[in-house]
Amino acid sequence: MKILIDENMPYAEALFSDLGEVISKPGRTMTAEDLVDVDALMIRSVTKVNEALLAKANKLKFVGTATAGQDHVNDALLADRGIFFTAAPGCNKVGVAEYVLSSLMVLGQQQGFSLFDKTVGIIGAGNVGSYLAKCLDALGVRYLLNDPLKAEQGDPRSFHSIEELQAQCDVITTHTPITREGRYPTHHLVDEAFLAALKPGAILINAARGPVVDNQALKRALQASQIGEGKHLTAVLDVFEHEPQVDLDLLPLLAFATPHVAGYGLEGKARGTTMVYNSFCEFLGVDKQVEAASLLPTAPVPYVTLSGKWDEPTLFSLTQLVYDVRRDDGLFRREMCATQAGSPEMASAFDRMRKNYWDRREYSAITVAGEPHFGLESLADLGFTVEERP
Ligand SMILES: NC(=O)c1ccc[n+]([C@@H]2O[C@H](COP(=O)([O-])OP(=O)(O)OC[C@H]3O[C@@H](n4cnc5c(N)ncnc54)[C@H](O)[C@@H]3O)[C@@H](O)[C@H]2O)c1
Ligand SMILES: O=C(O)[C@H](O)[C@H](O)COP(=O)(O)O
């Protein structure tokens, strides 16, 4: 059996080699030719599964994407051809939420505000949005949820309109799929009118899909904001319209910019790979299942002892010890600015940074020890492993 995998899928080569012959290729440039005689295809978001890719897929029975987003896969086409399809919903929700928290805490330090005083608007209350809400609950930070689809499905949480978010929220963060049809399309959900209705000083974060935000409208709004016209806005983008190409006029206007790595924790990638692996084993009727946690190394700083009840600066230190968005932002800007807009070198640099991504961890990789009254419960709710000491 031949199994074709994206080379940017940690742990996949070792796991899938147990089940067949593994061929590993860059996901973005896979072609129809690569699928000749291939039985199973394991991908990430950069491989478009469409008519063109499947044109020579004479043996394909299974496609697995180790990602939450599924917009790169024509699932109706796979169903038509009787090809089994599976994804990894929720695999990287923790990483994305920790990306948002890092961005807000660093911005708080730079702009002189406390996250605890802010109201956060979460657009899209699925896996990522709900996990972020859980983290904000742990910290006691106010938030409003917007998700008309969940509201219509009878989700018992309290949902708010976009207008309510725009009027009340200091931060708006998008966690929807990219959709162009239906009653609630998300393509350019954040457009000129959306931006004009934000509170002065608002922060916008997009770690969903690039085209959820109209990048040209955002650029105009940020340019106006910079020369003191319009309202003062701050924007953080992990995803871009037309990536791996990046608008070099937009880049300097962003507070933080990263190459679609918000969900790139080692845990998230291991979960994505094992979810697809486990599903493939079930599909084959093979009695094997792998726990993502069993694949993970110990974190570089696995244990921290608190000397007292944590406060905001301690929370900053603890969370940034795991993930500081400035690390990715700095490297990304250097890499992008060394290339020409629209060039193949820019696309290569974008993908290289993702392929060679560092071993980022989630809060759970650190055990925080302290006395019971040090506020360990909220840290546990935030995702840290905690150890109570008498
Ligand atoms: N940057 C990254 O690394 C990264 C990582 C994970 C996911 N993502 C992206 O984020 C998206 C969300 O991830 P998830 O795991 O939470 O997906 P999910 O499917 O669990 O949740 C998406 C939610 O968005 C809601 N939604 C759809 N259209 C909406 C609209 N118009 N307005 C408000 N809400 C709407 C859905 O009802 C659903 O509850 C993914 O589809 C993917 O595109 C990016
Ligand atoms: O949808 C997701 O899960 C993420 O956006 C995505 O997986 C990011 O990583 P990639 O698949 O592009 O490597």
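**Cores and a domain interface**

Setting aside neighbours within four places in sequence, Leu-306 touches Thr-314, Leu-318, Val-368, Ala-369, Phe-374, Leu-376 and Leu-379 (contact here means heavy atoms within 4.5 Å). The model is a predicted one, with local features needing pLDDT of at least 70 and side-chain atom pairs pLDDT 80 or more, while totals for chains, interfaces and linings use all residues. Residues are numbered from 1 along each chain as its sequence is written, and side-chain values use heavy atoms, leaving out hydrogens and water.

Leu-306 is also one of the residues with the most contacts inside the largest nonpolar core, which has 53 residues. Such a core is a set of buried Ala, Val, Leu, Ile, Met, Phe, Trp, Tyr and Cys residues joined through side-chain atoms within 4.5 Å, buried being under 20% relative accessible area with a 1.4 Å probe, protein chains only. A second, separate core of 33 residues includes Ala-202, Leu-237, Met-346 and Phe-350.

Then there is domain 1 (2–87 + 265–295). Ten of its residues are in contact with eleven of domain 3, and the two domains bury about 870 Å² between them, 36% of it on carbon and sulfur atoms (accessible area, 1.4 Å probe, lost on putting the two parts together and summed over both). On the domain 1 side, Arg-28, Leu-266 and Glu-267 lose the most area, together 50% of what that side buries. Four salt bridges turn up across this interface (a side-chain nitrogen of Lys or Arg within 4 Å of a carboxyl oxygen of Asp or Glu).

Key: Chains are lettered from A and ligands numbered from 1 in the order in which they are written. Buried means under 20% relative accessible area, exposed over 50%, partly exposed in between (1.4 Å probe, protein chains only). Domain bounds come from an automatic or database domain assignment.
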